[in-house]
Amino acid sequence: MTPAFCLSSRVSSRAGRAARGQRCTLLALVAAGSLACSHHLRLTSPDTDPGARYVCSGSGECRPRGSDVPADDNPSGTTSITLPRECAGKIHQILIIDAGSSEPEVRVTCGPPEEPVGTMGEPEARLAPGER
Amino acid sequence: MPRFPFTEVKTVRRWTNYSGSLPEREIPLFCTPDVVGTAGERVPRKLRRHGDALSAILEHCFTRPASSLRAIGSRWSFSSILTPELLVVDPANLNTMAAVPQHWLTPSYRQRRPSFTPMFVQGGTRIASINRRLLEKGLALQTSGAGDGHRLAGCIATGTHGSAIDLGAVHDTLLAIHLLVGPRRSLLLQPAQRVLSPDVAGWLERETGIPTEDVADAELFAAAQVGLGSLGFVHGAILETTPIYSLHGRILARPFGDADVRQTLEDLNTRRLHPDVAERPFHFEVVLHPYPRHDRPGAFVRMLWRGPGDAAPHESPLPTSPDLASDRMGMIAQLSDAIDGPLATHLLAPFISDQLERRYRPGALAPQVPGMIFGPTSLPPGNGASTEVIVALQHVRPMLALLYQVLESEAQHGRHLLGPVALRFVPQTSSLLGMSQAPLCCYVELPSVRTNEVLGIYRAFWDSLEREGIPFACHWGQLHGMTPSRVERFYGQNAERWRAARDRLLPTPEARRVFSSALLAEVGLD
């Protein structure tokens, strides 16, 4: 699909005497949106695809996510960070320093790859349990 | 809540598609086969786990009483083809790929297409994943859509295409389709001139545990190539892949009314746009300004030629982030509906020019592998709209004239398209419901931020085409103006043949009910 335009700079394009009032309203709303939002971080691992979705709390509990509205995952004030390709999607730990700031630092520890237990003399790669 | 083997089952309270064009709804049974943790130890192999899960889910759908099953892909589609009812299968983990051994191919195929590699790909595999994994093997898809986010089953179910002007759409590169049509019944459909020996169906049966018939039938295959998600569960397909290649090219920025561009849109003789290159491009597309200005370019041409695979770095794209927050995009959509007046066009046009000129900078395009060019989208989720209208090449001129009449007339009332006009080209398909029914077809796409005004522009465009007697279809996965009569007019006998094929594949009312969809009812194909 050909992308639609994202109208991030549309605010200024609405300049002009006749549209000045509308422009001010738009500016105020966009500014309000910017000011009101908190900071969110989107961490994405290269060379991976989206699969099952979960939500985790500070108590350490993770559960299947009971809501799936894509726009909910793209709120104002989101900083996007691409995780290291070198981890190959396997992450041991992520520590976010200053998560609430506009310049967070993300410290990533990869998990080493682990092949399923094999049998000497048999081919390694088959569609076996544990293979993902 | 029912339990299915190796499957996570949950209720999703709020669900919608990527663009948010479908109303939010609850899905009582959202089933994801083969989630880590649902498999446990001492479990069967991967495809057997999938087979067990899908058989149990189908058994449930066929018996209580027949309830609709929708497999959702990446939810790119704007149309009701996605609309779920009680039960959804998320095929995200159905992503096995396996090359078909040479000795399971017929001798005639091996002789005819010696450099191609048939590849089994499960239906849940994303195009991005296919690109990555094929690249590792020195292979590539022959074509794909403009982006790589689709899952294979959704990609072919909706007729997704690129602009490979001498090749066709993704479904035109299929060699076989593995359809689950009942709890314990599946078919490996291939054309009458078979490519695969019965060993392939035997392998699928052994791996999945689901009895699999090997069926070489031109009519059923042509129906299933674009099955609208309603001929069974697309467990996988066998795609014809090709040795890795690179794409290089150029972008031209011309005035809106440029005579060479206009003429090329009507005859697809691209040579006048690249007089220094004898070879016809592999990929040809044109993007037009919806509200052209005399002082700036209004027609942007992108042409890509195929080159050797080693001419480009073998790399995969990094993830992209949405260009804009979804809530802000929603706000813009609301304001756009609210702001009217004749000045709006004059204010909007320079902005669109800025966007087009930034995105389509004229000049040479260095070689890249196809997965890099047709990569991830940065389109924000929510508040999106798009329609795509397909006409035969000979109707491009009157179709564009009508479109620009509609755009101008609507603009005079302050109603604007907030996106470009994109034209791509695809040759005739052998499928019954692929949109390219003429020898060469033009696909004109109108992506936009979704506003009430934009939806009105789409309707006005569809209606004007009908009024002027220009035969047209709409992309099955996008917002559409297809009605039963428009389907009959465009597809003719093919619509009836598709229904007949559906009756053969799904002979009972229960089976047809399980794989029915809102889209089928809208367009009279149920």
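H6(B) and H14(B) are roughly perpendicular to each other, because their angle falls in the 65 to 115 degree range. This is a predicted model, so please hear every value as computed. The angle is about 105°, and the axes lie 9 Å apart. For orientation, helix H6 of chain B covers residues 218-225, and helix H14 of chain B covers residues 493-505.

Who meets whom? On the H6(B) side we have Glu219(B), Leu220(B) and Ala223(B). Facing them in H14(B) are Arg497(B), Trp498(B), Ala501(B), Arg502(B), Arg504(B) and Leu505(B). By class, that contact has 5 nonpolar residues and 4 charged ones. It has no polar residues.

Next, the domains. Chain B splits into three: domain 1 at 7-89, domain 2 at 97-244 and domain 3 at 246-482. Take domains 1 and 2 of chain B. Their centres, over C-alpha atoms, are 22 Å apart. In the contact between them, 19 residues of domain 1 of chain B touch 19 residues of domain 2 of chain B.

Which element supplies the largest share of the domain 1 side? H1(B) does, with 10 residues. Helix H1 (46-63) and strand E3 (69-71) of chain B each give at least two residues to that side. Its make-up is 8 nonpolar, 6 polar and 5 charged.

Now the core. The largest nonpolar core holds 156 residues. Ala176(B), Leu179(B), Ala237(B) and Ile238(B) have the most contacts inside it. Look at Ile238(B). Leave out its neighbours within four places in sequence. Ile238(B) then contacts Val100(B), Pro118(B), Met119(B) and Phe120(B), among others. Leu174(B), Leu175(B), Ala176(B) and Leu196(B) are also on that list.

You will find Arg459(B) in helix H12 of chain B, residues 452-467. Gly481(B) sits 22 residues away from Arg459(B) along the chain, yet their C-alpha atoms are separated by 6.8 Å.

Last, chain A. Chain A has 2 helices and 7 strands. Along the sequence the pattern is α-α-β-β-β-β-β-β-β. Chain A has 132 residues, and 14% of them count as buried. Now take chain A contacts between residues at least 6 apart in sequence. Of these, 50% join residues at least 24 apart.

Terms used. Residues numbered from 1 in each chain as written. Chains lettered and ligands numbered in written order. Predicted model: local features only at pLDDT ≥ 70, side-chain atom pairs only at ≥ 80, totals over all residues. Core = buried A, V, L, I, M, F, W, Y, C linked by C-beta atoms within 7 Å. Buried ≥ 20, exposed ≤ 12 C-beta atoms within 10 Å, placed from the backbone. Contact = placed C-beta atoms within 7 Å. Domains from an automatic or database assignment. Helix = DSSP H or I, 4+ residues; strand = E, 2+ residues; numbered from the N terminus. Nonpolar A, V, L, I, M, F, W, Y, C, P; charged D, E, K, R; others polar. Axes fitted to C-alpha atoms, helices over the stretch in contact; angles between N-to-C directions. Parallel < 35°, antiparallel > 145°, perpendicular 65-115°, else oblique.
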